[in-house]
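Here's a quick walk through this model, from its cores out to a few local details. Have the structure open as you read.

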Amino acid sequence: MRAEGPGTADGPGLYVYAVVRAGTPLPRKPGGVGSPPAPLRAVGTGHVAAVVSAAPAQLRARRRDLLAHQNLLTQLAASDPVLPMRFGMVAPDEDALRAQLAAAETRHLAALDRVAGHIEMNVKALPAHGSLAALVAEDAAVQRLRDATRRRPDYEANVRLGAAVASALARRAAEAGRRALRDLAPMARATAGGPEVPGCAVNVSFLVAQDDSDRFRATAERFAAAHRDHVDLRIAGPLPCYSFAETGTGNRSAPAPVGGG
């Protein structure tokens with residue numbers, strides 16, 4: 001399988017959404033990438049199958065296609081375990097896809113067992129920029145710089161104050177984010193650090209049993225409300241288990257949630 005970048009998939013080929021167990025029912029409603037989306041089908045071998053459609057002639061990371069990709073994965077994951085592929089994964093043909101599925105069948109089955117009955121919840125901790133008053137009241141160093149800037153305002157003083165405020169906001173967000181992770185981790189089977197996001201102090205995904213997803217979200221939201229002066233805690237999910245499924249290429253499939261926190 002090859003991962004195509006925006007605008008580089010010129011077809012022919014099969015757009016691959018996910019790996020599932022053989023016999024997993026496909027959504028009845030048409031959906032997927034492309035305009036109009038091509039019909040879905042399963043290409044399988046042994047006990048696993050890939051959910052595919054014909055690759056669009058020009059595949060780009062448009063919001064409509066990103067959402068279609070994620071919505072289809074969400075539908076598939078509603079009733080059966082799914083190993084989601086990242087957006088833009090294209091196989092040259094069915095023979096090549098079946099060969100890769102066969103070579104990785106044991107790993108796929110183990111991963112499907114691992115995520116069965118689970119969803120992914122993503123938590124990001126960002127600086128609480130709306131809490132400057134609370135920051136100044138609690139941080140003695142920022143207080144001193146603010147007072148000095150008021151006494152002798154100039155460009156350099158303002159730069160120093162701005163840098164101190166940004167650093168303190170980031171530090172407070174990171175500390176609160178780590179406390180949130182300690183509260184949430186006991187409700188998860190596993191955790192996985194996400195990619196670096198500009199301005200984000202903590203980005204972690206949790207593998208959570210479906211039956212515990214409401215409790216997990218409620219706990220995260222209570223923490224966010226109680227610590228709003230320290231952190232902007234953003235919760236996304238339930239999501240397909242992007243961060244806990246190995247793809248057939250041996251790479252972890254972990255795109256940022258579309259439209260989520």
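## What counts as a core

A nonpolar core here is a set of buried Ala, Val, Leu, Ile, Met, Phe, Trp, Tyr and Cys residues joined through side-chain atoms within 4.5 Å. Buried, in turn, means under 20% relative accessible area. Keep in mind that you're looking at a predicted model.

## The overall picture

The chain has 261 residues, and 45% of them count as buried. Its secondary structure comes to 7 helices and 10 strands.

How much of the contact set links residues 24 or more positions apart? Taking the contacts with a separation of 6 or more, such pairs account for 77%.

In soluble globular proteins, nonpolar side chains tend to be buried together. In this chain, the largest nonpolar core has 22 residues. Val123, Leu184, Phe206, Val208, Phe216, Val231 and Leu233 have the most contacts inside that core. Two or more residues each come from strand E7 (118-127), helix H6 (155-184), strand E9 (202-209), helix H7 (213-226) and strand E10 (231-239). H6 gives the largest share, 5 residues.

There's also a second, separate core, with 21 residues. Val16, Ala111, Leu112 and Phe244 are among them.

Back in the largest core, take a look at Val208, one of the residues with the most contacts there. Leaving aside residues up to four places away in sequence, Val208 touches Gly117, His118, Ile119, Met121, Met187, Ala188, Ser213 and Phe216.

## Where H2 meets H3

Helix H2 (residues 94-103) packs against helix H3 (residues 105-115) at an angle of about 70°, and their axes are 4 Å apart. The two helices are therefore roughly perpendicular to each other. On the H2 side, Leu101, Ala102 and Ala103 make the contact, while H3 brings in Glu105, Arg107 and His108. By type, the contact residues are 3 nonpolar, 1 polar and 2 charged.

## Aromatics

You'll find 3 aromatic pairs in the structure. Tyr15, Tyr17 and Phe87 form one aromatic cluster.

## Cis prolines

Pro36 sits in the loop between strand E2 (14-21) and strand E3 (41-45).

The bond from Gly237 to Pro238 is cis too, with omega near 5°.

Key: Residues numbered from 1 in each chain as written. Predicted model: local features only at pLDDT ≥ 70, side-chain atom pairs only at ≥ 80, totals over all residues. Heavy atoms only, no water. Axes fitted to C-alpha atoms, helices over the stretch in contact; angles between N-to-C directions. Parallel < 35°, antiparallel > 145°, perpendicular 65-115°, else oblique. Contact = heavy atoms within 4.5 Å. Nonpolar A, V, L, I, M, F, W, Y, C, P; charged D, E, K, R; others polar. Buried < 20%, exposed > 50% of the residue type's maximum accessible area, 1.4 Å probe, protein only. Phe/Tyr/Trp six-rings, centres within 6.5 Å; stacked < 30°, edge-to-face > 60°.
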